[in-house]
Amino acid sequence: MIRRIIFITVLSTLIVGVITAGITLMMDNYYTATALLVMTPVPLNSRDYIPSIISGREDTPYRVSFLTLNDIPSFPMPDYEQIFSSDEIVEEVLLYLTQKDEYKDVKLSRTKLRKSMSIKSKIFFQGTNQIQYQRIIQLQFTSKNPELSADICNYWANLGMAKIELLRQEPLKDGVAYLEKTLNEKKNALANNRKTLEQLEGSYHLPSVEMRIQELENQITSFKIQQVNLNLEMEQLAKEMELGSQEQPERTPLPGTDNLTNDINLLKKELSLKSSQKEALQKQVSELEQEIANLRKTYAEKKQEKQFLEDEQLLLKQMVENLSITYQNALANLEKSQSELRVASKALTPRQKSGPPRTLYILSVMVLTAVAVPTIYIGLLVANYYLDKFEKELSLPS
């Protein structure tokens, strides 16, 4: 019995091994091309600074304070894997692959193509709350044609690096566009401010207005002095008239007394004239004071407007300078910003096949056969034994 089991097992194993060897020999060889990418950030950096005081300058330079457009940080390693295996990248690889003669009549899907694509990265250090990956990323592509495997692998690597570079540069370009727009707006605002200030200075020369106010104040002072002199003269005339009127009743009327009356009348006329002059001077003083008030109001308004324009111009100048520095730094960051992934080793045409593992297939099938055949044979013997026993029990007379 044991010999029979051994004989059947060995014979079955040999037959299955031969059949498996024939099948595996009919299978096509496939080749795997490998490309290596390495993360190497650009060693450039920019800093904020405070300018030193230049000797011989009367003013102290202000502290430089401006926006900075920071570089985009590198992606984590799992993000690189997701980007390289994204539908967009796989679809472009698929379109590129369908242009090849071997795949023109082959219908491929992204799911099926992903089975031929592999991206790997090894963990360098793993702590409790942190995982560090090696900087080397391994891309592999497998196909039946070794030259095609290398070509597709390199195309896939370049495609992924271009996508990552685009993802890094787009935010920087948006930031540069915003800075450029803001800088142009501030420059236009500064030009308009200067134009408005020039128009204001051309229409209202404030020193001339100050001189005019001073001249009017001098005229008012002169008129007031004349008013004081007129008041004194009018007081003197009033006293003379009072004395003349007091002396007239005490005197005996004599021939020629009309002269005294005439003198009094002359004094009255002169007093009336002085009073008219005083009123005229007062009117002129009021007009000059009103003109001065208007000039002072206009002067204050224009001075305040000029001061506002000058302060705004100073602020706009500082903003333009700061934005210019930021814009130049942003352009430098955009210029140096590129994918941190670089090709460490291009995919070369593989010289040895990577599959199928024919020996492994044959040995696996033979081992399974060597285990399965005796198990099945013994199972059949046991089943037959119990069936025969069961039939005998059924055939016994009751």
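**View 1. Contact between helices α3 and α5 in a predicted model.** In this predicted model, α3 contributes Glu88, Ile89, Glu92, Val93, Tyr96 and Leu97 to a contact with α5, where the partners are Leu148, Asp151, Ile152, Tyr155, Trp156, Leu159, Gly160 and Lys163. Nine of the residues in this contact are nonpolar, one is polar and four are charged. Helix α3 spans residues 87-98, and its axis comes within 10 Å of that of α5, at a crossing angle of roughly 145°. The two helices cross in a right-handed sense.

**View 2. Contact between helices α2 and α5.** Helix α2 covers residues 77-84; its axis and that of α5 are 10 Å apart, and the packing angle is about 120°. This crossing, too, is right-handed. From α2, the residues involved are Tyr80, Ile83 and Phe84, while α5 supplies Trp156, Ala157, Gly160, Met161, Lys163, Ile164 and Leu167. By class, the contact of α2 with α5 holds eight nonpolar residues, one polar and one charged.

**View 3. The length of α5 and its bend.** Helix α5 runs over residues 146-203, a total of 58 residues. From the first C-alpha to the last, α5 reaches 84 Å, close to the 86 Å expected at 1.5 Å a residue. At Gln169 the helix bends by about 25°.

How values were computed:
Residues are numbered from 1 along each chain as its sequence is written. This is a predicted model: local features need pLDDT of at least 70, side-chain atom pairs count only at pLDDT 80 or more; totals for chains, interfaces and linings use all residues. Side-chain values use heavy atoms; hydrogens and water are left out. Helices (H or I, at least four residues) and strands (E, at least two) are DSSP runs, numbered from the N terminus. The expected span of a helix is 1.5 Å times one less than its number of residues. The bend at a residue is the angle between axes fitted to the seven residues ending there and the seven starting there. Axes are lines fitted to C-alpha atoms, for helices over the stretch in contact, and angles run from 0 to 180 degrees between N-to-C directions. A crossing is left-handed if the near helix is turned anticlockwise from the far one by less than a right angle, and right-handed if clockwise. Contact means heavy atoms within 4.5 Å. Ala, Val, Leu, Ile, Met, Phe, Trp, Tyr, Cys and Pro count as nonpolar, Asp, Glu, Lys and Arg as charged, and the others, Gly among them, as polar.
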